[in-house]
Amino acid sequence: WHKYKVSDSTKRTVDGIVFASRLESRVYLYLKKVIGKENFTLQPEFVLQDKFRLDGKAIRAIKYVADFLVKDGDNDIVVDAKGMTTPVFKLKEKLFKYKFRKSIVLLKTKKDMRAFALSLKHIKLKIPLEEL
């Protein structure tokens with residue numbers, strides 16, 4: 001049982017990695033096939049607000065863990081596979097944009113993935129355009 005409505009972990013496991021959703025596992029497979037594993041990292045963590053103390057109590061940091069970080073030359077592109085944006089995600093996205101002054105690329109469909117792959121300027125795609 002899972003508090004989020006996610007599929008069975010066996011359907012979300014690829015290369016021994018259990019992804020949060022089937023969509024995330026599909027995006028992983030697509031990126032691996034099209035740009036190669038060497039051009040992205042999984043689960044990069046960003047601190048949106050540092051931890052602090054108030055009235056003697058420790059207040060934890062607010063963190064955002066993206067699905068992927070794609071290195072396109074000097075440009076780091078934060079990518080998230082999102083079927084539906086939650087209120088928590090929308091809030092963290094605003095904090096991320098404010099602190100890091102960059103957007104998060106959301107991928108939901110095959111069309112989104114193709115458009116993203118074609119937008120990369122420094123990564124040589126590993127498959128012909130017709131197969132994207």
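Predicted model: local features only at pLDDT ≥ 70, side-chain atom pairs only at ≥ 80, totals over all residues.
**Surface and charge**

I then noted the share of buried residues, which is 33% of the 132 residues in the chain.

For charge, I found 30 positive and 16 negative side chains. The centres of these two sets lie 5 Å apart.

**Overall layout**

I recorded three helices and ten strands in the protein chain. Along the sequence I read the order as β-β-α-β-β-β-β-β-β-β-α-β-α. The C-alpha atoms fill a box of roughly 60 × 40 × 25 Å along the principal axes.

I also checked how far apart in sequence the contacting residues are. Of the contacts with a separation of 6 or more, 51% join residues 24 or more positions apart.

**Asp 72**

I went to strand 8, residues 68–72, where Asp 72 lies.

What does the side chain of Asp 72 reach? I found the backbone nitrogen of Ile 123, at 3.2 Å.

Setting aside neighbours within four places in sequence, I listed the contacts of Asp 72 as Ile 77, Leu 120, Lys 121, His 122 and Ile 123.

**Positive phi**

I next looked for backbone angles worth a note. Most residues other than glycine have a negative phi.

Asp 55 has a phi near 55°, a positive value in a residue other than glycine. I placed Asp 55 in the loop between strand 5 (52–54) and strand 6 (57–59). Is Asp 55 buried or exposed? Asp 55 counts as exposed because its relative accessibility is 73%, and the cut-off for exposed is over 50%.

Arg 101 also went into the notebook, with a phi near 55°, again positive in a residue other than glycine. I located Arg 101 in the loop between helix 2 (87–100) and strand 10 (104–107). With a relative accessibility of 63%, Arg 101 counts as exposed.

Note on methods
Residues numbered from 1 in each chain as written. Heavy atoms only, no water. Helix = DSSP H or I, 4+ residues; strand = E, 2+ residues; numbered from the N terminus. Buried < 20%, exposed > 50% of the residue type's maximum accessible area, 1.4 Å probe, protein only. Contact = heavy atoms within 4.5 Å. Lys, Arg positive; Asp, Glu negative; His and termini not counted. Charge placed at Lys NZ, Arg CZ, Asp CG, Glu CD. Polar contact = N/O pair within 3.5 Å; in protein donor to acceptor, adjacent residues only side chain to side chain.
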